[in-house]
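Below is a short report on a protein model, written for use beside the sequence and the 3D view. It goes from salt bridges to the sheet and then to single elements.

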2 protein chains.
Amino acid sequence: MSPHTTMTESRLESELAQRGVRMTRQRRAILATIESAERHLDAAQILRRASRVEASVNRVTVYRTIGLLKRHGLIDELDLMHVTGDAHFYERRPEHDHIHVTCLRCGQVIEFESEHLAQLRAEVEQQCGFRVDVARTEIGGYCGGCQAMPEATAATRATRANKKGAEDARACGDAAHIA
Amino acid sequence: MSPHTTMTESRLESELAQRGVRMTRQRRAILATIESAERHLDAAQILRRASRVEASVNRVTVYRTIGLLKRHGLIDELDLMHVTGDAHFYERRPEHDHIHVTCLRCGQVIEFESEHLAQLRAEVEQQCGFRVDVARTEIGGYCGGCQAMPEATAATRATRANKKGAEDARACGDAAHIA
DNA sequence: CTACAGATGCAACAGAGTTTCACCTTGCAG
DNA sequence: CTGCAAGGTGAAACTCTGTTGCATCTGTAG
Ligand SMILES: [Mn+2]
Ligand SMILES: [Mn+2]
Ligand SMILES: [Zn+2]
Ligand SMILES: [Zn+2]
């Protein structure tokens with residue numbers, strides 16, 4: 001990597017610029033992390049990944065930036081049925097709504113689009129007199145594989161026990177240097 | 001009230017009985033509380049209300065009973081967009097699915113039924129190969145009143161500050177005797 | 001009535017997110 | 001450029017939600 005890694009400006013970054021929000025090295029790292037994630041990340045995972053490009057990023061700043069992005073409607077918050085704990089997960093707000101289907105045994109998450117989402121939202125706006133800001137549909141169940149699998153063999157399951165940090169550090173090559 | 005208030009057997013109670021689950025005074029109080037609630041309660045509120053009929057009920061038992069009911073699919077867990085904090089809310093699983101529409105300013109919650117829910121669920125089962133266990137749609141937005149109200153006047157808003165216990169104790173007559 | 005699986009209470013713990021405050025940086029005006 | 005004020009940041013301490021270990025108690029089958 002070059003000495004001054006300038007990091008290509010993310011879409012989130014330009015969205016914020018447009019709205020006159022001040023940009024910092026820390027924010028840039030966090031935005032890029034969220035933007036480029038191949039899956040839904042929670043705050044701790046965002047911190048770990050962002051710290052790799054900008055070592056000074058702090059836990060608190062991650063939470064503050066998540067708050068900023070939520071207020072501006074640029075990201076959505078997910079529970080993923082809290083299969084792995086009480087943390088919330090984040091993703092950039094997509095063009096079209098989609099729902100999240102989580103396997104309660106293996107933790108796999110599938111995204112699914114449907115016409116019914118927009119229709120439901122329209123119904124709510126009309127019949128409840130609400131201006132809808134954010135809509136979230138989450139489903140929990142058992143994926144094909146896990147339906148077949150005998151109860152005990154479920155070694156894949158993301159339990160509360162093995163959740164302890166390891167997964168993200170392992171997946172991405174170098175050790176986590178932030179607790 | 002008579003000395004030995006026998007408390008009519010709730011539907012949750014008989015559901016559990018059918019499944020051979022052991023019944024205790026504490027559980028009975030918690031089940032009755034959830035069953036008879038006129039709105040969605042979080043764990044702390046369930047504890048406060050249940051303690052009024054059965055003083056020995058403990059916080060931990062509330063959580064354990066919530067877990068029991070979730071495992072048996074007898075209650076659903078809601079976020080209500082976490083407008084008032086990080087707690088989760090509970091309600092008995094209804095006959096027909098409904099969604100929860102929460103006003104992000106005043107905290108009001110509206111329940112709404114729609115054909116699209118069942119259709120969406122069917123689509124997921126077919127196209128994702130999942131066996132769906134629980135489905136949750138939550139919407140956040142601004143209710144009619146709050147859309148009209150000028151930004152500052154929002155005195156009604158359930159802020160993190162006023163959340164502190166008062167609301168439930170006040171609403172139900174006698175003081176909360178459990179922290 | 002008894003025995004024992006299973007439920008409870010307590011206290012200690014753990015994880016997620018927030019607040020405070022002294023210090024630092026960004027973006028802009030001069 | 002330079003200086004400066006508005007706003008962002010890190011560290012530590014804190015709050016709130018939920019969990020666990022363990023000694024003790026109790027509901028229920030026999
Ligand atoms: Mn949640
Ligand atoms: Mn409801
Ligand atoms: Zn699975
Ligand atoms: Zn409102």
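## Salt bridges

A salt bridge here is a side-chain nitrogen of Lys or Arg within 4 Å of a carboxyl oxygen of Asp or Glu. The structure holds 26 of them over all chains. One joins R28(A) to E13(A), with the closest N and O atoms 2.8 Å apart. R28(A) sits in helix 2 (residues 25-36) of chain A and E13(A) in helix 1 (residues 11-18) of chain A, so the pair ties together parts that are 15 residues apart in sequence. E13(A) is buried at 7% relative accessible area, whereas R28(A) is partly exposed at 27%. Buried means under 20% relative accessible area, exposed over 50%, and partly exposed in between, with a 1.4 Å probe and protein chains only.

Another salt bridge links E38(A) and R49(A), at 3.2 Å from N to O. E38(A) lies in the loop between helix 2 and strand 1 (41-42) of chain A, and R49(A) in helix 3 (residues 43-53) of chain A, so this contact ties together parts that are eleven residues apart in sequence. E38(A) is exposed at 59%. R49(A) is buried at 13%. In chain B, E38(B) and R49(B) also form a salt bridge, at 3.3 Å from N to O. E38(B) counts as exposed, with 59% relative accessibility. R49(B) counts as buried, with 12%. There is also a salt-bridge network, made of D79(A), R136(A), E138(A), D79(B), R136(B) and E138(B).

## Model and conventions

This is a predicted model, in which local features need pLDDT of at least 70, side-chain atom pairs count only at pLDDT 80 or more, and totals for chains, interfaces and linings use all residues. Residues are numbered from 1 along each chain as its sequence is written, chains are lettered from A and ligands numbered from 1 in the order in which they are written, and side-chain values use heavy atoms, without hydrogens and water.

## Chain A overall

Chain A has seven helices and six strands. Helices (H or I, at least four residues) and strands (E, at least two) are DSSP runs, numbered from the N terminus. Their order from the N terminus is α-α-β-α-α-β-β-β-β-α-β-α-α.

Of the 179 residues in chain A, 41% are buried. The accessible surface of chain A is about 9900 Å², and 50% of it belongs to carbon and sulfur atoms. Areas come from the Shrake-Rupley method with a 1.4 Å probe; for residues, only the protein chains shown count as cover. Contact means heavy atoms within 4.5 Å. Among contacts in chain A between residues at least 6 apart in sequence, 55% join residues at least 24 apart.

Which strands make up the open sheet, and in what order? The order is 5(A)-4(A)-6(A)-6(B)-4(B)-5(B), with mixed pairing. Strand 5 (109-112) of chain A and strand 5 (109-112) of chain B stand at the edges, each with a single partner strand, so one side of each has no neighbour in the sheet. The twist averages 20° from one strand to the next. Two strands pair if DSSP finds at least two bridges between them.

In chain B, strand 4 (residues 99-103) and strand 6 (residues 131-142) run parallel, joined by four bridges. T102(B) stands opposite G140(B) there. Strand 4 of chain B also pairs with strand 5 of chain B, antiparallel, over four bridges. H100(B) has E111(B) as its bridge partner in strand 5. The hairpin of these two strands has five residues between them, and G107(B) takes a positive phi near 85°.

Helix 4 (residues 59-71) of chain B has 13 residues, which should span 18 Å at 1.5 Å a residue; its end C-alpha atoms are 19 Å apart, which agrees. The expected span is 1.5 Å times one less than the number of residues. Its buried residues are V62(B), T65(B), I66(B), G67(B), L68(B) and L69(B). They pack against helix 1 (11-18), helix 2, helix 3, strand 2 and strand 3 (89-92) of chain B.

L78(B) lies in strand 2 (residues 75-78) of chain B. L78(B) is buried at 2% relative accessible area. Leaving aside neighbours within four places in sequence, L78(B) has contacts that include H40(B), H88(B), H100(B), R136(B) and E138(B).

Definitions and conventions:
Axes are lines fitted to C-alpha atoms, for helices over the stretch in contact, and angles run from 0 to 180 degrees between N-to-C directions.
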